[in-house]
Amino acid sequence: MRGFLASSIGVTCAAALALPLTPPALAATAGPVPATEAAATARPAPHAGTPATAPTDRRAAEPYAAGSTQSLPLEPLTRNRATPSAPSTEQGLPRRAVRHFSLVGVVWDDPDAELHGLVQVRTRAADTGSWSGWQDVETHNADHATDPDTPERASGRVRGATAPLWVGDSDGVELRVRSESDGPAADSAEHTRGTRNRPAAPPLPSGLRLELVDPGEGDAPPPGAGADGPRTGGLNAEASALTDAASAVNAGLAPLGATEITALSRAETEQEFFALNAGEPTEQQRQARPYVGPRPGIVTRRGWGASEGLRERGFRYTKKVRAAFVHHTASGNNYRCSQVPSLIRSIYRYHVKSMGWRDIGYNFLIDKCGKIYEGRAGGVAKPVLGAHTLGFNSNSMGIAVLGSYGATKPSKSAVKAVARLTAWKLGLYRVNPKGKTHLRSAGSNLYRKGKKVRLNVISGHRDGFKTECPGRKLYGKLGSARSKAARYQGR
C-alpha cells in the first residue's frame, strides 16, 4: 500500500484542501484556534430559595457555532467542625435553574489527579419541568486520554474529568460530589474493623467545576461559505477553511461537503482498494482478492454538525493502523438514535472545551441503531492519532459505542457495526481482525513505557489499561465482532 501509506509531514488546513487519500506520518499542526471564555449572559432566574452562581460560559470564536458550555464552580456541602480549614470531602451545587443543556460532566485542574468517590446529578427536563432521580456519573475516566509526552498532553489546557452523562434537554440541575476511600485496602478495613474505622476519605481534586453542555443545532455554512454566505476574510473565512479541510481529507471517498460517506459493495470496495494502491509493485497488484470488508456507510463530521472552529487546526497522524480498541462512552443509554448528532456534538465540545483536548478523542462512534460516525478529524481511511486509550493511541484506532454497557447488553446492530467498520478499516492496512498484533506502550497502569505488548487486533479498552471500559457486556461481544469482521473480509 505504498501509494496509500506514503508519508507527508506538516499538514495544514490550507494544504488539506488538496490532499489525496495518503496518510501522513505524525504530521505537525499549527496552534489552537483562538477562543474566548466570555462571561455568561443572563440566565433564567432561579426558583425561590435557590442560590444563583454565575457560570463561566466556554464559547469558541467560530461565527456560526451554536451551543455553549456553562462552567459552574462547586461549593462545599459539608465542613469538618473540628478543623474548619480542612478540605471539604463533599462538594456540589444546590438545586438551581440554568440555561438549557443536554450533557453534564465534572472537571478539575490537575489531569493527573483522580477523583475517588461518588458523583451524582439530578436534572430538570425542559419540556415537562419534572426532576430526574439521582444519576451516577462515571468518575474513572483518566484512561481515556492522550499519551504522555505528546503535544496534546503538554498543551497546558488538559484537565481531569469524569465521563460525560447525557441527560437530554434540561434547564435545572443539582449536584453532589462525595470523596470516598476505595480499593482493596479500604474494603478490607471496612470488613475487619467496621465502617466507623474505615480509612479517612482522600481530599477531592482542586478546582472542581460542573460543565453543562448545550450541543446547539449543529448548523454549519455550506463548503466555502461563512455563516452569512461567502466571505473574503475574518472569522467566517477561517471557519470555512476549517470546515472545508475536515471534508477534503475524505477526498476520493465522498465529495466536498458530503454529510455521509456511502456504503460500497464488496466488489466496489476491492476496486477502490486497488485504485488507492496503484503505486504498488506489479506483483503485489496481481495478488488474489484483498482481505478488505465492504466499506460501510459513515456519517461525516459535517453530517453530525461538528463546529470545526472548536478544534485545533490541522491533523495529526500515526504511521499505520494495527489494532482497534473498542470503548463505551459511559454516557448512559437514555438517548434516541435521532438525538445522536446532538450527543456527539456534546461529547466533542466536552472533550475540547472542558477537558482541553485538541479534538474529540475517538476515531469513530457507533450508536445503538448501528450507525457509524466519523470522530476525530483527519480522514476516515487514514491513521489519525486519537486520544482514546492512554498508552496505546499510536498505530491504533478508537471506536466508541455510545452508551454504558457494564450491565446493559449492546444491541446486535452496534456489534455488527463494529465488525463492519473494523473489517473495512483494518483491511485497508492488511490486518486480520482475528489476529494478534504488537504495540509498544507509551505508559499505562498495566504496561510500563516502552514495553512491547501482544494484543488482539480487536481489543477492548481494558486490554491496554486497567479500566471497566468498554463495560462487561460489550467486552463479552468482542469475540463475535472479531469473527464477523474476518468473515466480512472473506477470511
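A salt bridge here is a side-chain nitrogen of Lys or Arg within 4 Å of a carboxyl oxygen of Asp or Glu. This is a predicted model, in which local features need pLDDT of at least 70 and side-chain atom pairs count only at pLDDT 80 or more, while totals for chains, interfaces and linings use all residues. Residues are numbered from 1 along each chain as its sequence is written, and side-chain values use heavy atoms, with hydrogens and water left out.

**View A. Arg-301 and Asp-359 form a salt bridge.** The closest N and O atoms of the pair are 3.3 Å apart. Arg-301 sits in helix 7 and Asp-359 in the loop between helix 8 (340–354) and strand 14 (364–366), so the bridge ties together parts 58 residues apart in sequence. Helices (H or I, at least four residues) and strands (E, at least two) are DSSP runs, numbered from the N terminus. Arg-301 is buried, at 1% relative accessible area, and Asp-359 is buried at 2%. Buried means under 20% relative accessible area, exposed over 50%, and partly exposed in between (1.4 Å probe, protein chains only). Through salt bridges that share partners, Arg-301, Glu-308, Arg-311 and Asp-359 join into one network.

**View B. Glu-272 pairs with Arg-295 in a salt bridge.** Their closest N and O atoms lie 2.7 Å apart. Glu-272 belongs to helix 5 (residues 266–276) and Arg-295 to the loop between helix 6 (282–285) and strand 12 (298–299), so far as the chain goes 23 residues apart. Both Glu-272 and Arg-295 are buried.

**View C. Glu-238 meets Arg-313 in a salt bridge.** Here the closest N and O atoms are 2.5 Å apart. The pair links distant parts of the chain, with Glu-238 in helix 4 (residues 234–248) and Arg-313 in the loop between helix 7 (301–304) and strand 13 (323–328), 75 residues apart. Glu-238 is partly exposed at 22% relative accessible area, and Arg-313 is partly exposed at 24%. In total, the structure holds 13 salt bridges.

**View D. Val-431 is placed in the loop between helix 9 (412–428) and strand 17 (436–440).** With 13% relative accessibility, Val-431 counts as buried. Beyond its neighbours within four places in sequence, its contacts (heavy atoms within 4.5 Å) include Val-321, Arg-322, Leu-426 and Val-457. The C-alpha atoms of Val-431 and Ala-323 are separated by 8.2 Å, although these residues are 108 apart along the chain.

**View E. Arg-440 is found in strand 17.** At 55% relative accessibility, Arg-440 counts as exposed.
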